[in-house]
Number of protein chains: 2
Amino acid sequence: MTTSPQPSTPLITELRQICGSANVLTHEDPATDLSPWEQDWRKRVKGRALAVVRPGNTSEVAAVVKACAAANTPIVPQGGNTGLVVGGVPNGSGTQIVLSMTRMNAVRAIDPANLTITVEAGCVLQNLQAAAEAAGFLFPLSLGAEGSCTIGGNLGTNAGGTQVVRYGNTRELCLGLEVVNAQGDIWHGLSGLRKDNTGYDLRNLMIGSEGTLGIITAATMKLYPQPAAQLTAWAAVPSMEAAVQLLGLAHQRLGPGLTGFEVMNQFALGLVDKHYPQLRVPLWQGTPWCVLLENSDSENEQHARSQFEALLEAALEQGYASDAVVAENLTQAKGLWHIRESITMAQAQEGLNIKHDISIPVSRIPAFVAETDALLAREVPGVRMVDFGHLGDGNLHYNVQAPEGADGQAFLREFEDKVNTWVFDQVKRFGGSISAEHGVGEQKVNKLPLYKDPTALAMMRAVKKALDPQNLLNPGRVLGK
Amino acid sequence: MTTSPQPSTPLITELRQICGSANVLTHEDPATDLSPWEQDWRKRVKGRALAVVRPGNTSEVAAVVKACAAANTPIVPQGGNTGLVVGGVPNGSGTQIVLSMTRMNAVRAIDPANLTITVEAGCVLQNLQAAAEAAGFLFPLSLGAEGSCTIGGNLGTNAGGTQVVRYGNTRELCLGLEVVNAQGDIWHGLSGLRKDNTGYDLRNLMIGSEGTLGIITAATMKLYPQPAAQLTAWAAVPSMEAAVQLLGLAHQRLGPGLTGFEVMNQFALGLVDKHYPQLRVPLWQGTPWCVLLENSDSENEQHARSQFEALLEAALEQGYASDAVVAENLTQAKGLWHIRESITMAQAQEGLNIKHDISIPVSRIPAFVAETDALLAREVPGVRMVDFGHLGDGNLHYNVQAPEGADGQAFLREFEDKVNTWVFDQVKRFGGSISAEHGVGEQKVNKLPLYKDPTALAMMRAVKKALDPQNLLNPGRVLGK
């Protein structure tokens, strides 16, 4: 093994004193590979860090921030580094430190009577889910990266996922935060309170700020009773209008039992069928859209099944669905979800594509999709639309696949910017958001001034300047330079 | 009738040009009584306004703010003026204008498929509830003042109420805002989106800021399916520990069907029985506490009743309750709620008292109540505790009644400050909040520095200064001078 490298700057020396030498990694040691912290998840951007710093507790985070503030060195907070908008990796300057939170991964406390769990920011989402389950509760946040993303990252980006229709985004699941601010002071806000009207809502200001206003070190999250039964159904629907009507009926019939409502177009499902035929996609061939519904029941499976079947019967009768199946058991249910989750991989197998994570008021989605599909078909002959997403939340992953046989790179060069503009202009026209659940990061930072209300943007800038006057925390993200 | 008074200042002239003379009321016209806007709801404070300004639309609000900013004249936004912490009336200086939002009371739109309703800030809560109901939906915010409070005030104070255990506070019911900021610019943020991660959460920053960061002019609120049935039960419980256990069981058995869980101590119910014997308080004589439970069901009354009865049977078996009744019909259910809501009036009938609106993690409430009751009994011989509130949210109205036969005024003089300090110190020790659902206003502004995390307070001050550098909006409230 090599000996510990000599510190290059007084700041690095100080950071090693704070966190221990083993927890401050730099490029000076040739044996140390920093690329896991420097490379973004989608492998689009690779930055260069001055150092990767891995604090072990909140006091160390505070000391690190104070040291960096004194040295005027920017800090990029990072969790599991699974972000999709380039918000958690350093830029290429070699002057920023990555503050990796993964050593702070403890479950600090579970309070069953208060229905809360308190965890450190670096706790992996799946471990948080497991701790809740072991205590007899449900922590409902669930998303593709749950095996490696951290709750701190989920909070920083206000992650969504598949159960938002019932439980809300990460924001709605949080009751309290512990935060180190840009001055290196600790805000002890780990309240498990459901009501607290003593001033401004700093908790929600921090959530979704992508590490630009403060560093979340721990959080108190809500727990829910585990459902007694959970059933999954799959329905063929004749149009997007019908899908929206089915959603309304499901809200009415299942009330809060409706915990998932996903929509997928025929082409998306065809890609799954083509690249993963073993998954046996049901009902997709004769219909433009399929939906996946989940029903969680606080009583028992029989009750859930009879409710679910009654809903689907009514939907068939009213023409909102043309065919439907309810999974007979957990394996079948998981199989249906697996099909839904395989769309992203199937797209990648098929070739390069342009992704969007947009939201639109549910009522306007049918018109949005019809108009925007038609616009793109006109402008990009042969374009193939991979439309899917969380219809229950008005959130579409509205993705654009190159025409069959096209050179993917050439397609992106010619069309990526144009397609983004066409789609985002339509989103704005329909009162939607150009980032539903992934955030802004670096990727959409130049789009925000074009699509965000200018008064809101001015207020955001004022808040950033007030809380981080040195522009120390994740500079350039969300608001740009 | 008198003729229109002459404008006293260039600002008043300008405000009359903006809103029309009839909508700018001043003391110069002796026939005009401004006390409805100057006197706080609990009649503890009467201010004096420079003028009461009643804008008719958002552009007028923006113009009023610009005019006031130019004249450096503070603005106190006001809705139904039902606030409990002196946050919506002017101070006594005669230099502040009251911006009364009650003329802006339109329901702008209902979007059934998106489950949203967009209303102006001055819409009375009861009218909003009625508009939702007429469209076949539920708007679940419900509180004592609903016949006169406005949704703008509910948002400004993040009002709670009786269904928070299921639907959350006003904050959780809001999807978008239209706001005039301190510069007189309009933020068009009336999104009906359930997911929008394009930057900082200004919506929640405005909600609960009591008009000190911006003026809410309209809001898009969530709608819910109406429950198919709603049942109310009343149970005698042997201890606060048992009440907390019953709450846990109710969460587990009813899941999201649990829409209300109120607790009341024997003395509180005894006061209702004494002053309103016609209300026939059930089960209170042999038990220290009673709870009121509400179960909302998306199926039908029979289903709700069998679930509810099974819950109460299990509670009796496990000793969490000693006796229980389920209301047989709506009249009986309303009667039970009426008893709960009559506690405040019965207290007033009994004499002067010291009120607290506190929250504590649910798990710690039994110990808090036991310790704090004992502390007060030691310090104030003969003290009578009126303990009741929304146990499901950890929110207690922990009120202190003068000893029997005591002179109420003398009691307040001697004990009010001391009792507040004893109670708030205990709240802090138990990780609670000194204002759960009423806000800070002027009443608790001096308490905040004693009980709020200092880092949070510093960040709040920075945000206020950034967004309202002139200290124009409701100055002195929330953060003091």
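Analyst: A polar contact is here a pair of N or O atoms within 3.5 Å, where, within protein, one must be able to donate a hydrogen and the other to accept it. The model is a predicted one. By that criterion, the count between chain A and chain B is 43 residue pairs in polar contact, both residues being at pLDDT 80 or more.

Several elements of chain A supply at least two residues each to the side that touches chain B; they are helix H6 (164–167), strand E9 (186–189), helix H7 (202–206), helix H8 (240–254), helix H10 (301–317) and helix H16 (454–467). Of these, H16(A) gives the most, with nine residues. By residue type, the side of chain A that touches chain B comprises 31 nonpolar, 33 polar and 16 charged residues.

Charged pairs also bridge the two chains. Side chains of opposite charge can pair when their charged atoms come close. Between chain A and chain B, the count is six salt bridges. Glu437(A), for instance, forms a salt bridge with Lys195(B), and the closest N and O atoms of that pair are 2.9 Å apart. Over all chains, a search of the whole structure finds 30 salt bridges.

As to overall extent, 80 residues of chain A are in contact with 80 residues of chain B. The area buried between the two chains is about 6200 Å², and carbon and sulfur atoms give 59% of that area. Within chain A, the residues that lose the most area to chain B are Lys195(A), Asn197(A) and Tyr200(A), which together account for 17% of what that side buries.

These three positions fall within a span named in a database record: for residues 45–226 of chain A, UniProt lists "domain: FAD-binding PCMH-type" in an unreviewed entry. That span is 21% helix and 27% strand, and its end C-alpha atoms lie 40 Å apart.

Chain A is superposed on chain B by a rotation of 180 degrees with 0.0 Å of shift along its axis, at an RMSD of 0.0 Å. The two copies are therefore related as by a two-fold rotation axis. The same surface serves both copies, since 100% of the contact residues of chain A recur in chain B.

Note on methods
Residues numbered from 1 in each chain as written. Chains lettered and ligands numbered in written order. Predicted model: local features only at pLDDT ≥ 70, side-chain atom pairs only at ≥ 80, totals over all residues. Heavy atoms only, no water. Contact = heavy atoms within 4.5 Å. Buried area = accessible area lost by both parts, 1.4 Å probe. Salt bridge = Lys/Arg side-chain N within 4 Å of Asp/Glu carboxyl O. Polar contact = N/O pair within 3.5 Å; in protein donor to acceptor, adjacent residues only side chain to side chain. Helix = DSSP H or I, 4+ residues; strand = E, 2+ residues; numbered from the N terminus. Nonpolar A, V, L, I, M, F, W, Y, C, P; charged D, E, K, R; others polar. Least-squares fit on C-alpha atoms with pLDDT ≥ 70 in both. UniProt positions renumbered as here; feature names shortened; annotations may be inferred.
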